[in-house]
Amino acid sequence: MTARAYLDHAASSPLRPAARAAIAQALDLAGNASSVHEEGRAARAAVESARRSLATAIGGAAGRMVFTSGATEANAAALAATGRVLASAVEHPSVLAQPGVETVPVDRSGRLDLAALATALESGNVACVALMLANNETGVLQPVAEAAALAHRAGARLHVDAVQAFGRLPFDVAALGADSVALSAHKLGGPKGAGALWLRDPDAFQPLLRGGGQEHRRRAGTENVAGIVGFAAAAGAIEPEEAGRLAALRRALETEARLSTGDAAVIAAAVPRLPHITALALPGMAAATQVMALDLAGVAVSAGAACSSGKVATSHVLAAMGVEPALAESTIRVSLGWSTTAGDIDRFLDAWGSLAGRRGRVAL
Ligand code: PMP
């Protein structure tokens with residue numbers, strides 16, 4: 001066995017062949033999409049066709065979608081200069097780091113505490129509520145439509161980070177009640193460095209990047225034509241049965257992981273989750289140790305705990321869920337995607353099972 005098992009799609013997914021082909025073609029478009037000549041118009045046509053297909057995929061009007069450099073920028077643009085923002089405690093750091101953000105707790109399964117949100121909204125001066133459609137560490141789905149109703153009743157907007165859910169769980173911006181939605185290309189097999197922000201009311205939007213007329217003055221800077229085209233091609237390549245296939249592979253993975261170790265735990269196993277992410281705890285073995293040992297065995301996963309300035313910091317997501325620190329520190333994230341095969345899952349299970357067997361016998 002030489003090929004590696006890549007099981008870190010929630011961090012970034014390999015480029016889909018359809019996206020690679022579309023990007024290769026788009027790289028040959030010489031024009032700037034803002035130029036009026038034929039070359040410029042060809043680049044513009046490619047961007048607008050991508051905008052239409054991506055907007056259609058989320059049930060939104062194309063004229064309301066702004067292309068960005070990724071979801072970090074989309075989140076920042078949605079939340080910049082809005083005033084007081086209430087965000088779930090399990091949001092992505094690109095949301096939590098925005099000025100004016102206050103967190104609202106989640107329950108033990110990682111879902112936003114709607115009663116706490118309602119109480120926090122009572123002050124009446126909240127500009128925006130930020131709630132992800134699904135969490136990037138656990139896959140747990142959030143009660144977005146309920147949060148939208150509460151936010152709107154209090155006169156606040158709802159921003160939805162749909163990065164992990166897009167392409168895995170069909171959704172519609174109107175049904176969600178979202179006022180803005182952040183998307184990223186590279187989580188679903190598109191290129192890194194391309195994303196989008198959908199806006200219900202683009203006229204009320206204050207741009208983050210100014211000084212150019214691109215994107216209807218909503219985002220200055222020459223459009224990343226190849227990135228945008230690759231984003232739409234990746235989204236368009238998703239087969240309707242892909243989510244079901246991943247859910248079946250994950251079910252097999254979780255069942256076997258628990259059976260083979262006896263004490264492994266799946267975080268938030270009992271609540272609705274995205275089909276491709278599992279947060280797996282192996283009590284008694286640090287996540288960083290598991291990640292390194294699996295890497296040596298040819299399997300790529302990520303740690304549920306992030307390492308910053310030499311110290312292992314517990315995941316803010318697991319901490320917010322009240323997962324006890326020892327369990328949180330032994331939790332890894334295994335995430336599947338379009339290229340995942342049953343063989344990849346077997347390879348993970350073999351390597352992880354043998355690691356589990358070494359606990360207590362070797363100082364790890
Ligand atoms: N939100 C979520 C939920 C994510 O998982 C990520 C990627 N880690 C981002 C936002 C940031 O996306 P990008 O990499 O496109 O900046």
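How many nonpolar, polar and charged residues does the shell around the ligand have? The shell has 3 nonpolar, 9 polar and 2 charged residues. Please keep in mind throughout that this is a predicted model.

Let us stay with the ligand. It is surrounded by 14 residues, and the closest of these are Thr72, Asp161, Ser184, His186 and Lys187. Among the secondary-structure elements, helix H3, residues 71-79, gives the most to this shell, contributing 3 residues.

In Ser184, an N or O atom of the side chain lies 2.6 Å from an oxygen atom of the ligand. Lys187 places a polar side-chain atom 2.8 Å from a nitrogen atom of the ligand. For His92, the distance from a polar side-chain atom to a ligand nitrogen atom is 3.2 Å.

I turn now to helix H9, which runs over residues 225-236. Does its length agree or disagree with what its number of residues should span? With 12 residues at 1.5 Å a residue, H9 should span 16 Å, and because its end C-alpha atoms are 16 Å apart, the two values agree.

Where does this helix sit relative to the rest of the structure? Of its 12 residues, 11 are buried, so H9 is largely enclosed by the rest of the structure. The buried residues are Val225, Ala226, Gly227, Ile228, Val229, Gly230, Phe231, Ala232, Ala233, Ala234 and Ala235. They pack against helix H1 (17-26) and helix H2 (38-57), and also against strands S2 (65-68), S7 (180-184) and S8 (195-199).

Val173 belongs to helix H7, residues 173-176. Its relative accessible area is 2%, and because the cut-off for buried is under 20%, Val173 counts as buried. Leaving aside residues up to four places away in sequence, Val173 touches Ile58, Gly59, Gly60, Ala178, Val181, Trp198 and Arg200.

Gln98, by comparison, is found in the loop between helix H4 (93-96) and strand S4 (101-104). Gln98 is also buried, with a relative accessible area of 16%. Its side chain reaches the backbone oxygen of Ser94 at 3.1 Å. Again leaving aside residues up to four places away in sequence, Gln98 touches Ala76 and Leu79.

Finally, a word on backbone geometry. Most residues other than glycine have a negative phi. Against that background, which value does phi take in Arg217? Phi of Arg217 is near 65°, a positive value in a residue other than glycine. Arg217 is found in helix H8, residues 214-217, and at 59% relative accessibility it counts as exposed.

Ala268 also has a positive phi, near 60°. This residue lies in the loop between strand S9 (265-266) and strand S10 (277-281). Is Ala268 buried or exposed? Ala268 is buried, with a relative accessible area of 14%. Thus Arg217 is exposed, whereas Ala268 is buried.

Thank you for your attention.

Technical notes. Residues are numbered from 1 along each chain as its sequence is written. This is a predicted model: local features need pLDDT of at least 70, side-chain atom pairs count only at pLDDT 80 or more; totals for chains, interfaces and linings use all residues. Side-chain values use heavy atoms; hydrogens and water are left out. A residue is near a molecule or strand if one of its heavy atoms lies within 4 Å of it. A polar contact is a pair of N or O atoms within 3.5 Å; within protein, one must be able to donate a hydrogen and the other to accept it, and residues adjacent in sequence count only if both atoms are side-chain atoms. Helices (H or I, at least four residues) and strands (E, at least two) are DSSP runs, numbered from the N terminus. Ala, Val, Leu, Ile, Met, Phe, Trp, Tyr, Cys and Pro count as nonpolar, Asp, Glu, Lys and Arg as charged, and the others, Gly among them, as polar. The expected span of a helix is 1.5 Å times one less than its number of residues. Buried means under 20% relative accessible area, exposed over 50%, partly exposed in between (1.4 Å probe, protein chains only). Contact means heavy atoms within 4.5 Å.
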